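Subject: Structure handover

Hello,

Here is the structure you asked about. Please open it first, then read my notes below.

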Amino acid sequence: MERRKEGGKRFTESGIEVKPLYAHKDIKDLDPVRDIGEPGEYPYTRGIHKTMHRDRLWTMRQYSGFGTPKDSNQRYKYLLEQGQTGLSVALDLPTQMGLDPDDPMSLGEVGRVGVSINTLKDMETLFDGLPLDNITTSFTINATAAMLLAMYLCVAEKQGVPFEKVGGTIQNDILKEYVARGAWIYPPEFSMRLIVDTIEYCAKYVPRFNSISIAGAHFKDAGCTSVQEAAFTLADAIEYIRAVLERGIGIDDFAPRLSFFFYTHNNFFEEVAKYRAMRKIWARCMREKFNAKNPRSWLFRFGVVCGGSTLMPQQAEINTIRVSYQALASVLGGVQSMFTCAFDEPFSIPTEENARLALRIQQALAFETGVVDTPDPLGGSYYVESLTKEMEDRVEDLIERIESRGGMVKSIKEGFIQREIVEEAYKKEKRIRSGESVVVGVNRFTIDQEVEELRLHEYNPQVAMEQIELLNQTRRTRDKERAERRIDQLRTAAENNENLMPHLIDAFKDYASLGEVCQAFKEEYGTFEQPTVI
Amino acid sequence: MNGARKIRVLIASPGLDGHDRGAKVVARALKDAGMEIVYLGIHRTAEEIVKAAIQEDVDFIGLSMLSGAHLILTEQVLKEMAMQKIDDVPLIVGGTIPKRDIQKLEEMGVRLIFPTQTPLDTSIAAIQEYLSSRATQTTGK
């Protein structure tokens, strides 16, 4: 899909020309120490740890969640039994949008693309029998990230786990939602404030928690190139850092807990080079631009997802092969955590068996192939080093362009980023249409049969009724006045510019619902209307 | 289709899902094929979609849905269309539509269905053919 040929010339997916041969002359301008270095040493081109996966495998973290908290709790236990090493929670759209299941907009969506979480009761059930000091959990949650983190911390407290021992990640990256994923609630200013609140709170009280996972994945899956994915993400990171610094927090107090998240797609060497180049750009940016002194602040730690929009419904089994190559590129790129999509995901969330097969991709890679035995095995390759340098230059140029336009927030409000992405998505589609880009099973090597009938995950429509009933029950049994007072307390704290995290924790402990909390902020700060760009 | 009036297509994503790559790419392709696009974007209610369709006097309403909630969301839009008496405007549905739901959508009254990976040329041709066959039927009466 992403291998391009034009008039005898060849290009990577980002449009970098690939020469017929790479040799020493292509890397002769690179300084082995300044540009490449050793694994675990600045500028970390070769990886953030000295021995990388030889001593520390990436975390195998399959994005998963559906139906009621009980359904998902069972799936998590199953995946852990099967050898998964961390949890990654998929939440349904009402939870992502801060709506209770009885809201009219929630119709048809409760527990569909993820698990439904409305009150602390649900979060308690979700982690029943899963001790939070023993497992790290990643939440793909953005507009309501502060709220979900608060509920997670309430669960930790109930389990008797001190906050210092709680590890995990919230995505908490609203800027890309405005552009590429669409799960926003509030205008950028209030959204940014919630994010800074979580970063500040975690830096002080939950030091093992990654308070943000700045995500390029959704730009990429919306159709942009890897150069754009890297540049937009790093430009977002710069915006977040500025906002936190403005609050008077020192760079080294929070930078070690910034993390990243990307899609690895098909263009193999460019994807490897992307991660190598980003590590280098980030280390330099943190040390030189932001004057971070703690080497941990320089480390570019990232997770990936493999699959996404590269998964095709036609001859769907091919998807397992695509994802395997993408997983290999991620490992060679020095990944810290990985989610490999199942082959049935062009149709729906995966069945249990297909989710297991997807996990096995990572296990085969980790335990059978030997690719983990030495760090950055592609380091020193004429092609990969040259491509890494080219990616680095192009990504930095694009970051520079965004900065000179006034940064990401401004570029998003003006629709610039949206336009760049849709332009690229449309070009890609045209290349597939013309046959210039090959997609196996779609525009070449097709078979004479329609999309095959697979046994798919079935959505259980009862889930909505169950969740509404449970919510009503919670509303009936909680101390109603107390819960209402907590909502008022939140409003006051918001007006007084206090950090909202402790107040969110209070509200959820008294069983305020997610919808009630989010509604209170909507009344104060309004919602956001997107600039429509096509 | 009479005279120089371009085919007007409204494209919207109803419900809570925010993935709009498909909607935008199809919108661009239809535009390049000479149609006029009214792009409403994501998070739209049935009421908003139907209101815009009436105001803009469109020939087609296209819904893009990827979350799996397409049966319920389509039903809402069809109900609203009937209520506002524009159920003669053909409804198109695109996105993550499993094979088992295609017939259900057709029975509900959806005229054209474009599951993910439908080639753009197929979608464009289907819209043009639908209009010309309907024009033939009308003149034949």
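Two strands count as paired if DSSP finds at least two bridges between them. Keep that in mind for the sheet. The model is predicted.

Start with chain A. Five strands form an open sheet there, in the order E5-E6-E7-E8-E9, and the pairing is parallel. Strand E5 (63-64) and strand E9 (209-210) are the edge strands, each pairing on one side only.

Now look inside the sheet. Strand E6 (residues 87-89) and strand E7 (residues 137-139) of chain A pair in the parallel sense over three bridges. Which residue of E7(A) is the bridge partner of Ser88(A)? Find Ser138(A): that is the partner. In general, strands of a sheet pair through backbone hydrogen bonds.

Helix H2 (residues 69-81) of chain A lies across E5 and E6 of chain A. H2 runs at about 150° to E6(A).

Next, the interface. On chain A, 46 residues are in contact with 34 residues of chain B. The two chains bury about 3400 Å² between them, with 57% of it on carbon and sulfur atoms.

Four salt bridges link chain A and chain B. One of them joins Glu423(A) to Arg28(B), where the closest N and O atoms are 3.2 Å apart. Helices H3 (93-96), H6 (175-181), H8 (217-221) and H17 (416-434) of chain A each supply at least two residues of the side that touches chain B. H17(A) gives the most, with eight residues. By class, this side of chain A has 23 nonpolar, nine polar and 14 charged residues.

Best wishes

Key. Residues are numbered from 1 along each chain as its sequence is written. Chains are lettered from A and ligands numbered from 1 in the order in which they are written. This is a predicted model: local features need pLDDT of at least 70, side-chain atom pairs count only at pLDDT 80 or more; totals for chains, interfaces and linings use all residues. Side-chain values use heavy atoms; hydrogens and water are left out. Helices (H or I, at least four residues) and strands (E, at least two) are DSSP runs, numbered from the N terminus. Contact means heavy atoms within 4.5 Å. Axes are lines fitted to C-alpha atoms, for helices over the stretch in contact, and angles run from 0 to 180 degrees between N-to-C directions. Buried area is the accessible area (1.4 Å probe) that two parts lose on being put together, summed over both. A salt bridge is a side-chain nitrogen of Lys or Arg within 4 Å of a carboxyl oxygen of Asp or Glu. Ala, Val, Leu, Ile, Met, Phe, Trp, Tyr, Cys and Pro count as nonpolar, Asp, Glu, Lys and Arg as charged, and the others, Gly among them, as polar.
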